[in-house]
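Consider a charged side chain and a strand in the model below, each taken with its surroundings.

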Amino acid sequence: MLMRIYGNRVIKTLPGSLTRPTVGRVREAVFNIWQGSIAGCRWLDLCAGSGSMGAEALCRGASWVVGIEQSSRACGVIRQNWQQMASADRFQVLRGDVLKRVERLEGESFDRIYFDPPYQSSLYQPVLEAIADLHLLCDTGELAVEHSPQLPPPDELDGLEILRQKVYGNSAVTFYGASH
């Protein structure tokens with residue numbers, strides 16, 4: 001399957017329900033909220049799926065994009081999509097369990113983090129705690145968490161504070177910043 005992103009570029013998506021690409025309306029809203037802060041940023045795409053959010057960040061000038069995805073098949077699609085957007089020295093695709101992979105990023109810092117796990121998963125709390133504990137979000141950075149409007153992510157986390165929440169039909173996004 002194919003999907004269009006920023007600049008009318010086409011990327012591949014996996015058929016079936018293995019991955020759920022971020023719908024265009026949500027993707028556009030997130031990038032409108034973050035407009036002006038993507039160029040030159042360091043971007044982390046968690047549960048990256050087809051890599052649409054990371055591809056969009058690369059198109060908009062992100063200097064470094066890291067994607068984490070469990071499915072090896074999806075990782076292949078992400079690499080193909082991102083190679084169309086940027087040279088290989090601007091991105092890295094990591095395959096594996098998102099929590100274990102996040103823990104290996106200790107010492108790195110990202111300006112923008114997008115986290116979109118399966119809505120019914122139990123990943124929200126442990127991954128958000130790991131991001132906070134490892135200080136993966138830079139002091140002026142923002143983290144966007146996509147979720148079901150009926151299943152919001154935790155609102156109290158040491159090291160992260162909610163900045164805003166938006167609902168887009170069957171999807172919602174909660175934005176966090178680093179708390180000091």
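Arg112 is buried (under 20% relative accessible area, with exposed over 50% and partly exposed in between, for a 1.4 Å probe and protein chains only), yet Arg112 has no salt bridge. A salt bridge here is a side-chain nitrogen of Lys or Arg within 4 Å of a carboxyl oxygen of Asp or Glu. The nearest side chain of opposite charge, Glu142, is 4.9 Å away; Lys and Arg count as positive and Asp and Glu as negative, while His and the chain ends are not counted.

This is a predicted model, in which local features need pLDDT of at least 70 and side-chain atom pairs count only at pLDDT 80 or more, while totals for chains, interfaces and linings use all residues. Residues are numbered from 1 along each chain as its sequence is written, and side-chain values use heavy atoms, with hydrogens and water left out.

Arg112 belongs to strand β6, residues 110-115; strands (E, at least two residues) and helices (H or I, at least four) are DSSP runs numbered from the N terminus. Leaving aside residues up to four places away in sequence, Arg112 has contacts (heavy atoms within 4.5 Å) that include Trp34, Trp43, Thr140 and Glu142.

Turn now to strand β9, residues 171-178. Eight of its eight residues are buried, so β9 is largely enclosed by the rest of the structure. Ser171, Val173, Phe175 and Gly177 cover one side, and Ala172, Thr174, Tyr176 and Ala178 the other.

Strands pair if DSSP finds at least two bridges between them. β7 (residues 137-147) pairs with β9 in the antiparallel sense over six bridges, with Glu146 opposite Val173. β8 (residues 160-168) and β9 are also antiparallel, over eight bridges, and Ile162 stands opposite Tyr176.
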